[in-house]
Amino acid sequence: MKNRKVKAFIALLMAGVMAAGMMGCGGGSGSGEKASAGGGSGDNTVTIWATGSDNVRQIYETLIENFNNSEYAGDYTAELQFMLSGTGTQSLTDMLVAAQKANQKNTDYDLVDLSGDDLSKIVSQIGEEALVKLDDSKIPNAEGVSAQSSVATDYVQPYRGTTVVLAYDSEKVANPPKTMDELVEWMKENPGRFAYNAPGTGGAGDSFARSSVYNFMPEEAITSDDPKWEDQWDEGFDFLKEIHQYMYSSGGSIVYPNKNQGTLDLLNQGEIDMCPNWADMVLSQRADGTLKDTIKITQIDPSFTGSLQSLAIPTFGSNEDGAYAFIDYMLSTEAQELMVKEMAAIPLVDTGDMDMTGYEDLMDLDVSSFRIMSIGDLSTDFNARWDSEIGAIG
């Protein structure tokens, strides 16, 4: 990426300050409108909306700073509107749906970051037509990206992956299972050495339990909130009851740890040898030294659920060209390597030019095999049934 000269940098900062003072959009409500649309008005600000945990906010702040000092700097200035997950009464998805239904135009929703689940919700409520159908010619860095969203394929651009994997201690497990059947055989041969956190307390446990149940069901069920699928949960729940006896125990009772960190702590302490967990969580903690370096990750078949994080341009935004520029930047080698180093994100571009030291495991993950689960309100019923039929066994 090209660096700007000092004079140009100062000029851009002054212009940004002046533009910020003239902006008419609200800081976090999403309901305000820009004083003028990007393009002909001379307003080059492109507003990026994202949500998630604090590590996502931190990486976005760094990415936006780099974008604003890149080859795009003379044309566009990116700004972040971030919503910390689990706070507030209205989600980013709710705000986007409300803006579209209110027929708002020229808003500051220039570019939005969406998980697979959030994208499914938006498409089900306002349709993929609420998003700009992407022009590939405006995203040259996407040429080498093979990963595609299973929802609104032509309307979103995936830029990083995340998935639940099988984490294991390589000192104890020389040849980790490659399939769910092999994993079950390993559990039987090593009772008490496997754990998954209670569903509802963390996504890794959710993924293991739901994948186990939905492995017995038609593939279409995994992205449907139709209550009819609840009638087909029986076989999967019988499977969870069958393997219950092989789970980690303490004080003579089977224990399902609380939260993703609960199982990872047990693995790190040597209490268990294997557990499902998020790839980025495992690798980030291993890189900073809080997780021992013998902990490795692998995928099994059928895989646990994962997601492609994607960028989309709402039709009611203001700076479409700026949004395209930021998407292209996010697929650059510089941005992809930064996300690997800072959050152990699974890169979607060729890693040949990247420094993957400490994150080599990511190169073995096949993003094409990620399974996106979106069962909506059925998750509440699922967790309640798990609590009564599995968690209560003791």
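Predicted model: local features only at pLDDT ≥ 70, side-chain atom pairs only at ≥ 80, totals over all residues.

I started with the rings: Phe194, Tyr196, Phe208, Tyr256, Phe304 and Trp386 form one aromatic cluster. My pairing rule takes rings of Phe, Tyr and Trp (its six-membered ring) with centres within 6.5 Å, and planes under 30 degrees apart count as stacked, over 60 as edge-to-face and the rest as tilted.

Residues are numbered from 1 along each chain as its sequence is written, and side-chain values use heavy atoms, with hydrogens and water left out.

**Aromatic pairs**

I searched the whole structure and got 16 aromatic pairs. I looked up phenylalanine 67 and tyrosine 329: their ring centres are 5.7 Å apart and the planes sit at 65°, so this pair is edge-to-face. It links distant parts of the chain, with phenylalanine 67 in helix α2 and tyrosine 329 in helix α10, 262 residues apart. For helices I use DSSP runs (H or I, at least four residues), numbered from the N terminus.

Buried or exposed, phenylalanine 67? It is buried, at a relative accessible area of 0%; my cut-offs are buried under 20%, exposed over 50% and partly exposed in between, with a 1.4 Å probe and protein chains only. Tyrosine 329 also has 0% relative accessibility and counts as buried.

Next I checked tyrosine 196 with phenylalanine 208, a tilted pair with 4.6 Å centre to centre and 35° between the planes. Tyrosine 196 is in the loop between α5 (180-189) and α6 (203-214), while phenylalanine 208 is in helix α6, 12 residues apart. Tyrosine 196 is buried at 1% relative accessibility, and phenylalanine 208 is buried at 0%.

**Helices α2 and α10**

I went back to the helices α2 (residues 54-67) and α10 (residues 320-330), whose axes come within 11 Å and cross at roughly 110°. The axes are lines fitted to C-alpha atoms over the stretch in contact, with angles from 0 to 180 degrees between N-to-C directions. The two helices are therefore roughly perpendicular (65 to 115 degrees).

Which residues meet? I noted Tyr60, Leu63, Ile64, Asn66 and Phe67 in α2 against Ala325, Phe326, Tyr329 and Met330 in α10, with contact meaning heavy atoms within 4.5 Å.

**Serine 120**

Last, I picked serine 120 in helix α4 (residues 116-126). Serine 120 counts as buried at 16% relative accessibility. Not counting residues up to four places away in sequence, serine 120 touches Val151 and Ser374.

Methods. Parallel < 35°, antiparallel > 145°, perpendicular 65-115°, else oblique.
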